[in-house]
Amino acid sequence: TKSLALSTEVLVFGSGYTAKTSTARDRGLPILREPDLLRLLDDGEIEITFEPPSVESGDDSADELLGEAQDILARSPGKALWKELLALIGRCEPESSERLVDHIVSHVGRWSRREQLLCVAPRDWLTSMTQGNDDTAYRLVHRLDLDDYDAKVTGVKKMLGCASLVNLKHLDLAVSKKLSKTVFRALARDQKLTGLEHLSLGFFDADSALALDDGASLASVRSLGLYPTAYWRVRGPD
């Protein structure tokens, strides 16, 4: 399933960390890793240990969280306020988060452009996105920065495929490896990126430029950032 439903009894998980593992721990769900699963298949039984549910997480009703959100949003926008909103969303059950997210999205929509850029995707959200997971909370993201995040090309493709990334204003794709032409074509043709205003890139060549020019979705981009010449280069007679 795409999210942990209330009927979920155990999380079968590979490696690393995502929001799902955190949610499972908060609910007290057993987490079955790959070696455990292999032993279960071989032996037919396995003993699983798990942590008890967290008192702070999963116990708040959507109405209570909505009230807290209204109190937070009554203050002036800032980095501290954004972190509080992220923590609030993390306490909400995935099945009931849409109303909370809708309320925050409508409020953030009235912020200035500069204030909206405070809504930066945290690292755990980036990890989830690059693993191909989507979440309604991603509608809150106005800025994605991958300049200090070790993302692979396949991960970037999956991240750009997240349907909920509909409010992006600032996108920094200056990853350590050259992105493929298919990534640039996807950027140029992605209708949900029609509101993008700033795009930063790392390794960039003539083929990348041609692929990026193969569509009209980036017509709203006001500024294009290219990292220093030691990191990016444009080849070709022009």
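Analyst: Asp-145 has a relative accessibility of 18% and therefore counts as buried, where buried means under 20% relative accessible area, exposed over 50% and partly exposed in between (1.4 Å probe, protein chains only). This is a predicted model, in which local features need pLDDT of at least 70, side-chain atom pairs count only at pLDDT 80 or more, and totals for chains, interfaces and linings use all residues. Residues are numbered from 1 along each chain as its sequence is written, and side-chain values use heavy atoms, with hydrogens and water left out.

The side chain of Asp-145 meets that of Arg-143 in a salt bridge, N to O 3.0 Å; the term stands for a side-chain nitrogen of Lys or Arg within 4 Å of a carboxyl oxygen of Asp or Glu. Arg-143 is partly exposed, at 24% relative accessibility. Strand E3 spans 143-145; helices (H or I, at least four residues) and strands (E, at least two) are DSSP runs, numbered from the N terminus.

E3 is also part of what the buried residues of helix H8 pack against, together with helix H7 (123-130), strand E4 (170-173) and helix H9 (181-189). Contact here means heavy atoms within 4.5 Å. The buried residues of H8 (residues 153-160) are Gly-155, Val-156, Met-159 and Leu-160. They lie on the same side of H8, because they cover an arc of only 135° around the axis, the arc being that of the directions from the helix axis to the C-beta atoms.

The salt bridge count comes to eight. One of them pairs Arg-91 with Glu-68, the closest N and O atoms being 2.9 Å apart. Arg-91 lies in the loop between helix H4 (79-90) and helix H5 (97-108), and Glu-68 in helix H3, so this pair ties together parts that are 23 residues apart in sequence. Both partners are partly exposed: Arg-91 at 24% relative accessibility and Glu-68 at 29%.

Another salt bridge joins Glu-197 and Arg-222, with 4.0 Å between the closest N and O atoms. Glu-197 sits in the loop between H9 and strand E5 (198-201), and Arg-222 in the loop between H10 and E6, so that distant parts of the chain, 25 residues apart, are linked. Glu-197 is buried at 11% relative accessibility, whereas Arg-222 is exposed at 64%. Through salt bridges that share partners, Arg-113, Glu-197 and Arg-222 form one network.
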